[in-house]
Amino acid sequence: MLAQGNLRASDNKGVGPSFALSWYALRRFVWAIREEHSCLVRNHDSVLLSHCPHAVSENSVRIASVLGQTRSLLRFARGKPEPEKGPSKVSWEVINSCDARCRTCQRWTEETTPRLLSTEEGKWLIEDVARLGTLSFSFTGGEPFLREDLLELVRHASGLGLSTHISSNGLSFDDDRVREICESGLSTISFSLDGPNAELNDDLRGIDGYFETAVEYVRKLRDLREKTGRGPNIVINATISSKNASWLATFAELVRGNGADGLTFQPVHDFGGIQLGTSDNLQLKEEMVKEMSDAMEVVRKRDADIVPLPERFYSGMVDFVRDPRSLYKIPCVAGYLFAQVDPEGNIYPCPIKFASMGNIREKSFSDIWFGEEAKDIRRRIRADDHPICWMNCIAPMNILAQEIRNLRLGSLLSPSFRRHIMRRLKGA
Ligand SMILES: C[S@@+](CC[C@H](N)C(=O)[O-])C[C@H]1O[C@@H](n2cnc3c(N)ncnc32)[C@H](O)[C@@H]1O
Ligand code: SF4
């Protein structure tokens, strides 16, 4: 079990020599993206750049948010201790219950019934963060589709110009749900699969027929999207453990073979407890690093077009296994550019939830975000007084901040980084 809460690192977190150069790097970077993509978002989603032929006036809100978050990222990279804006990304665990039985996650064993945020409370949360300039809003859980109002909440968020994302196991899908998803304005859906075949996946996720169901609905969503021109990006997300590390490259084949758009992955984390505790010893170990690295090398070279993760994410996977403390070298944006909300409305800096900033039933999100507890948590994070993780919802943002801080122009302008940013802007 990882328990690195008190570890510190002597590192190179110092702010780079020249902010002007960082700014230049960022402008070059945005320019490169503009050259490559004249239209950022497919279908009817909001569009970022005014030169895009689909741009409409409602997008001015989104443009303002993108610019605000770019400034916020630069502020963070310069070492400014407090944000002026809300988080760039908010992830809300809408429910803890779950209809799967995964071995990497024990939420489904939870017996207590949390007092879930109501639909109205959820909408207030969404409105509050949209006002603060948040770009993307993610719905997770538990299994988010066990909430009947999920797509109502998605529609509310996308109506306010937020990029929206759902992470799901797909088990409760039917054809009506596929249609509703495509009509909801959802930007991206991730289907969680822990094996690229039924045998491995269903063993790891504890439900016979899981693989077949999830893949069936990946295809149905893609088919309806093709037919109607409306629907989300479809991503497969894999949690990489001792049981599936050598299969990583095969996940990419699964993505291509079923017409999904992308593959994301992250190492299994084990902090014990219900949220991020594994049921048995699934953690990656040193002796698996070679196999995992070989598989990642295939993905890195062959599948870069479908994997929206920056290069440094791959070596970070290895660091996470070998020496997680070395990742303290990378500044963490948790609680600055990222916030996690639990089913009862508690706000945390990240999915590890090591400290709460407050509850939105007691104060508004905005008061919590700019309040004293939040400042204290940011102080702790700056001092490396927090558990270390390599989650794909945060690590790529950390990498981006570090590359800006260290003025790594080559990396910032690389195709893998540009692809990553594009996917982020689309809500992936
Ligand atoms: C907690 S689930 C909630 C949403 C939904 N039920 C699902 O599975 O996609 C979100 C993601 O976390 C991943 N996950 C589960 N246990 C994990 C662990 N111990 N370490 C890292 N990721 C984990 C899941 O595979 C899933 O992709
Ligand atoms: S990972 Fe998702 S599907 Fe699996 S038990 Fe946890 S919440 Fe449920």
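**Exercise 1. Which residues is C102 in contact with, leaving aside its neighbours within four places in sequence?**

Solution. Contact requires that the C-beta atoms of two residues, placed from the backbone, lie within 7 Å. Leaving aside neighbours within four places in sequence, C102 is in contact with L204, R205 and G206.

The model is predicted: local features need pLDDT of at least 70, side-chain atom pairs count only at pLDDT 80 or more, and totals for chains, interfaces and linings use all residues. Residues are numbered from 1 along each chain as its sequence is written, while chains are lettered from A and ligands numbered from 1 in the order in which they are written.

**Exercise 2. Describe where C102 is placed, and state whether it is buried or exposed.**

Solution. Begin with the chain: C102 is found in the loop between β1 (89-93) and α3 (119-131). Helices (H or I, at least four residues) and strands (E, at least two) are DSSP runs, numbered from the N terminus. Next, count its surroundings. A residue is buried if 20 or more other C-beta atoms lie within 10 Å of its own, exposed if 12 or fewer, and partly exposed in between, with C-beta atoms placed from the backbone. C102 has 21 other C-beta atoms within 10 Å and is therefore buried. Finally, the C-alpha atoms of C102 and I207 are separated by 8.1 Å, although these residues are 105 apart along the chain.

**Exercise 3. Characterise the residues around ligand 2 and ligand 1 by class.**

Solution. A residue is near a molecule if its C-beta atom, placed from the backbone, lies within 6 Å of it. Around ligand 2 this gives C98, A100, C102, C105, R107, W108, G141, G142, E143, N169, S192 and R205. Ala, Val, Leu, Ile, Met, Phe, Trp, Tyr, Cys and Pro count as nonpolar, Asp, Glu, Lys and Arg as charged, and the others, Gly among them, as polar. Ligand 1 has 18 residues around it, of which T104, C105, S167, S192 and H269 come nearest. Its shell has five nonpolar, twelve polar and one charged residues. Strands β3 (163-168) and β5 (233-240) each supply at least two residues of the shell around ligand 1.

**Exercise 4. Which strands stand at the edges of the sheet, and why is one side of each left without a neighbour?**

Solution. Two strands pair if DSSP finds at least two bridges between them. The nine strands form an open sheet in the order β6-β5-β4-β3-β2-β1-β7-β8-β9, with mixed pairing. β6 (262-267) and β9 (358-359) stand at the edges; each has a single partner strand, so one side lacks a neighbour in the sheet.

**Exercise 5. How many residues of β6 are buried, and on which faces do they lie?**

Solution. Six of the six residues of β6 are buried, so the strand is largely enclosed by the rest of the structure. In a regular strand the side chains alternate between the two faces of the sheet. In β6, G262, T264 and Q266 lie on one side, and L263, F265 and P267 on the other.
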